Amino acid sequence: PRSLPRTAMPAEGGASQPVRRTGSDPRCRGSANLGPERGLPFPCPPPRETKGGGLGHKAAMTTVHDFAPAAPDGTPHPLAQYRGKVLLVVNTASACGFTPHYAGLEALWRRHRDAGLVVLGFPCNQFGAQEPGDAAEIARFCTTTYDVTFPLLAKVAVNGPGAEPLFAHLKQAKPGLLGTRAIKWNFTKFLVGRDGRVIARFAPRVTPQALEAAVVVALAARA
């Protein structure tokens with residue numbers, strides 16, 4: 001008599017049932033033979049997750065340390081250099097009603113930089129065209145008016161299709177009021193922990209002095 005196909009065996013009532021193969025079966029090896037979509041009428045055991053990559057490996061979570069925005073001279077400024085530091089990332093402008101926040105940001109930086117705080121200013125001209133100058137003009141204004149010594153990076157866009165990727169990440173990690181991601185105005189502030197993950201977002205009207213307690217808590221945490 002003709003033998004039954006290996007993929008099926010008789011069951012009571014004449015129905016057939018699939019034979020479940022294990023991971024030792026050669027047809028269960030590799031991504032090309034996983035599941036019925038590849039012509040197999042049975043599922044193979046799922047691949048095990050490994051730390052070294054390959055099947056089942058979960059991609060590492062993106063953090064602020066993965067970005068390298070431009071410095072004022074156009075060269076990359078990798079944020080990986082700040083691993084283990086607490087960052088306060090701010091979009092700034094020289095002719096805004098919130099421009100005096102430069103003084104408070106500089107004070108925060110001077111009080112807490114030895115403990116690991118870094119303030120990063122990103123000039124932006126998207127709100128009321130309040131930052132029209134070039135890098136040299138911006139640096140001169142900040143130095144002479146507010147004695148700014150914390151790092152100022154290249155002018156960026158923070159909204160829209162041309163937004164700096166760092167700010168796209170910050171907005172996704174910490175949306176604003178009612179879940180809106182768009183930055184509303186100059187001097188929106190993002191607090192980033194020592195591990196590169198975004199801790200909090202502060203509206204432009206929140207003064208640097210008002211967020212000092214949050215900075216102190218972030219500095220007390222380990223990476």
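How much space lies in the largest pocket? About 210 Å³. Hold that figure while we walk through the rest of the chain.

This is a predicted model. Its mean pLDDT is 82, and 73% of the residues reach 70 or more. Over residues 3-58, however, the pLDDT is below 50. Beyond near neighbours in sequence, that stretch has 57 contacts in the model. Where pLDDT is low, predicted coordinates should not be read in detail.

Now the layout. The chain has 4 helices and 6 strands. Along the sequence they follow the pattern β-β-β-α-β-α-α-β-β-α. Among contacts between residues at least 6 apart in sequence, 61% join residues at least 24 apart.

Next, the interior. Of the 223 residues in the chain, 39% are buried. In soluble globular proteins, nonpolar side chains tend to be buried together. Here the largest nonpolar core holds 43 residues. Leu-88, Val-89, Phe-167 and Leu-170 touch the most other members. Several elements each supply at least two residues of this core, among them strand 3 (86-92), helix 1 (101-112), strand 4 (117-123) and helix 3 (165-173).

Gly-176, Leu-177, Thr-180, Lys-184 and Thr-188 are among the residues lining the largest pocket. The lining also includes Arg-201, Phe-202, Ala-203, Pro-204 and Arg-205. By type, the lining residues divide into 4 nonpolar, 3 polar and 3 charged.

Definitions and conventions
Residues numbered from 1 in each chain as written. Predicted model: local features only at pLDDT ≥ 70, side-chain atom pairs only at ≥ 80, totals over all residues. Heavy atoms only, no water. pLDDT = per-residue confidence, 0-100. Contact = heavy atoms within 4.5 Å. 1 Å grid on protein atoms, 1.4 Å probe; cavity = no way out; pocket = protein on both sides within 12 Å on 5 of 7 lines; lining within 4 Å. Points joined across faces, edges and corners; volume = space filled by probe spheres on them. Nonpolar A, V, L, I, M, F, W, Y, C, P; charged D, E, K, R; others polar. Core = buried A, V, L, I, M, F, W, Y, C linked by side-chain atoms within 4.5 Å. Buried < 20%, exposed > 50% of the residue type's maximum accessible area, 1.4 Å probe, protein only.
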